[in-house]
Amino acid sequence: ATTSALNILPGRVTAVVPAGDTYCEVGLDCSGDRLLARITRLSAGRLALTPGKPVHLLVKSAALARPV
């Protein structure tokens with residue numbers, strides 16, 4: 001498969017937490033940098049995301065939020 005996403009980061013899932021009826025928040029550790037992704041529960045299930053699972057993050061966004 002091809003993608004136009006240019007930012008691909010290796011990481012590991014640290015948590016998968018429900019966020020409302022449709023989404024979940026996925027905690028990620030990318031070589032010591034912590035990230036939080038919001039994805040649909042359907043996608044989390046299809047990807048079988050569980051804590052400790054190694055993943056690659058594809059970041060394609062017009063805006064990112066930094067914690068305050």
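Let's start with Cys 24. Its sulfur lies 16 Å from the closest cysteine sulfur, in Cys 30, which is too far for a bond. A disulfide here means a pair of cysteine sulfur atoms within 2.5 Å. By that rule, the count is zero disulfides. Cys 30 is likewise in no disulfide, with the sulfur of Cys 24 as its nearest, 16 Å away.

A word on the source. This is a predicted model, where local features need pLDDT of at least 70, side-chain atom pairs count only at pLDDT 80 or more, and totals for chains, interfaces and linings use all residues. Residues are numbered from 1 along each chain as its sequence is written, and side-chain values use heavy atoms, leaving out hydrogens and water.

Buried or exposed: which is Cys 24? Buried means under 20% relative accessible area, exposed over 50%, and partly exposed in between, with a 1.4 Å probe and protein chains only. Cys 24 has 3% relative accessibility, so Cys 24 counts as buried. Cys 30 is buried too, at 7%. Across the chain, 18% of the 68 residues count as buried.

Now the fold. The chain has one helix and four strands. These are DSSP runs: H or I of at least four residues for helices, E of at least two for strands, numbered from the N terminus. The order from the N terminus is β-β-β-α-β.

Last, the extent. Along its principal axes, the C-alpha trace spans about 35 × 30 × 25 Å.
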